[in-house]
Amino acid sequence: EDYMKKRFIYLMLAAFLLVGCGKSTSITVSTNESAAKESVALESKAEEVAKGIIKNDVQMLDVHIFYKIREGLSLLEGMMPQVEVKGNDNLKNIIERINKQWTDEHSSIELTRADSNIFSLFIKTMVYSDYDKTGEEIRGINIDSNTGKELKISDVLKNPVGLYDKLTESEEFMEEYGADIAYFSEKLESVLTKPQEFSDGTNNDSDISWALNNGGMMIYMIKENDYGKEIVSIPLEYARYSEFFKDDILKLPDDYAFKILPDREIRFNIDGKERALELTQEINEYDIAQEIRVKIDGEKRTYQDGSSYGISKSYVLKKGDHVYLYVELTYDNDYKSMMIIDLNKKSETISIGDSFAHTALLNPNDFYLGDNIFTISSVWVERKYELVDDGRPKALTDYFTITTPVQLAAKIELNGEMLDGVNGNSLGSINLPVGILLTPVGTDKESFTDYTMSDGSVVRIPMEKISDYEIKIDGKPVDEVFDGTFFAG
């Protein structure tokens, strides 16, 4: 008892002296027992975060992927992807590097995660020599949204060696991926345990990378096959490997979506319940999909097709307690449609004519869908939607943004309205001379198209829709009104 009293007095004296020096301090007496309890508490917290028990104040970012024409090239030659992020200045420098250094007309960008915690995307670029394809380079960008700094794998995983051991000891995992990729174990080890071998999102040979998404982490490797080189995507889901991810990585917005790959089982957590999902398809000898098959938590469902060429992309959307599967199917002339499947209950699918946009579907409350239209040219249009309770996308606007960078020259004099911005209010009528250059930026697909002029001002020109493939302006076919029109398909 005397020993405890003296120990307490010494601690109080030490605290008093430190306070007197104008310093703030915290004194902790730790024991092996308290350290063990703290370790158990941290593991428990990680599990709770992964299962969605702990709610985190993580918000989605407003991100848009679009295309522009590279200077000096034509529309057919030089469309290059660009990234735009609104409301987060921490990402300004990395966005500039993506747009100016790491992408060109041979690149594609897949946004994988975009919230106030993590910003990630995947870039692949075809490499050409004298106009012949010589290979592909891949890059995974993973950024802390709060600092703008690149995340190394050591910032993501708490036990990288343990994860590597678990994966390589799994016969199923090694059979799935290790059999076809040369030096697979060594490459996997470099990704998980050797952050020094990666810079700016890729290794020295630009053939290995990784990126975070809302469902987990995806590792990308390039492998050789009989037809050349192929990118292999290797998913490591949060639900399956949650004990290896750091807590901050597991923090997601309340509602989110993520891309899934067909022909393999994926696992994800919805409000504390782990779900297992597998999406497959049956393709006949004529390359037509006969059936789309879904297995959710062991329950098998089959949906008849018979007209598409199969699955091009698919996403899981989680909003509140509702979980849906969006499956995009491809047809002739690159036409696409979407089937929507409710994963919580067995019901008929919902079909819509829209398809996924250039900006990946990550936020069920605010996402883009797109479509090819044939009005003043063949152009890609997008607009924003939100998910409603039956799984359908509800349009947030009647206005479609035109993302295909087309420039048209007027062959005739045109009448229009000046606007105070894209889809803005009318400022009055305007007469446009022959030869004026116009860039289409938006439309309602039926009665007008908005254009920007060389000074950046916006003009709206009426049009008349005769059919899905015929538009007239001032009673004339579009190709008699503009030079530079382009119709594909």
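Visitor: Leaving aside neighbours within four places in sequence, what is Ser 206 in contact with?
Guide: Setting those neighbours aside, Ser 206 is in contact with Glu 136, Glu 137, Ile 138 and Ile 222. Contact here means heavy atoms within 4.5 Å. Keep in mind that this is a predicted model, where local features need pLDDT of at least 70, side-chain atom pairs count only at pLDDT 80 or more, and totals for chains, interfaces and linings use all residues. Residues are numbered from 1 along each chain as its sequence is written, and side-chain values use heavy atoms, with hydrogens and water left out.

Visitor: Where is Ser 206 found? And is Ser 206 buried or exposed?
Guide: Ser 206 is in the loop between H7 and strand E6 (208-212). Helices (H or I, at least four residues) and strands (E, at least two) are DSSP runs, numbered from the N terminus. With 13% relative accessibility, Ser 206 counts as buried. The cut-offs: buried is under 20% relative accessible area, exposed is over 50%, and partly exposed is in between, using a 1.4 Å probe and protein chains only.

Visitor: Zooming out, how many helices and strands does the protein have?
Guide: There are 10 helices and 32 strands. Of the 489 residues in the protein, 46% are buried. Taking contacts between residues at least 6 apart in sequence, 50% join residues at least 24 apart.

Visitor: OK, helices. At what angle do the axes of H6 and H7 cross?
Guide: Roughly 105°, with the axes of H6 (residues 171-178) and H7 (residues 184-193) coming within 11 Å. That makes H6 roughly perpendicular to H7. For the bookkeeping, axes are lines fitted to C-alpha atoms, for helices over the stretch in contact, and angles run from 0 to 180 degrees between N-to-C directions. Under 35 degrees is roughly parallel, over 145 roughly antiparallel, 65 to 115 roughly perpendicular, and the rest oblique.

Visitor: Which residues in H6 and H7 meet?
Guide: From H6 you have Phe 173, Met 174, Tyr 177 and Gly 178, and they meet Phe 184, Ser 185 and Leu 188 in H7. The residues of that contact are 5 nonpolar, 2 polar and no charged.

Visitor: What covers the buried residues of H7?
Guide: The cover includes helix H4 (153-156), H5, H6, E6, strand E7 (216-225) and E8. The buried residues in H7 are Phe 184, Lys 187, Leu 188, Ser 190, Val 191 and Leu 192.

Visitor: And H5, which of its residues are buried?
Guide: Gly 162, Leu 163, Tyr 164 and Leu 167. The buried residues of H5 pack against H6, H7, strand E8 (228-237) and helix H8 (238-241). Asp 165 is in H5 too (residues 160-168), but is partly exposed at 31% relative accessible area.

Visitor: Which ring has the charged end of Arg 460 over it?
Guide: The ring of Phe 448, with the charged end 3.7 Å from its centre. Lys 445 likewise lies over the face of Phe 400, 4.5 Å from the ring centre. The rule is NZ of Lys or CZ of Arg within 6 Å of the ring centre and within 35 degrees of the ring normal.

Visitor: Last one: what is phi of Asp 474 near?
Guide: Near 55°, a positive value in a residue other than glycine. Asp 474 sits in the loop between E30 and strand E31 (476-477), partly exposed at 49%.

Key
Nonpolar A, V, L, I, M, F, W, Y, C, P; charged D, E, K, R; others polar.
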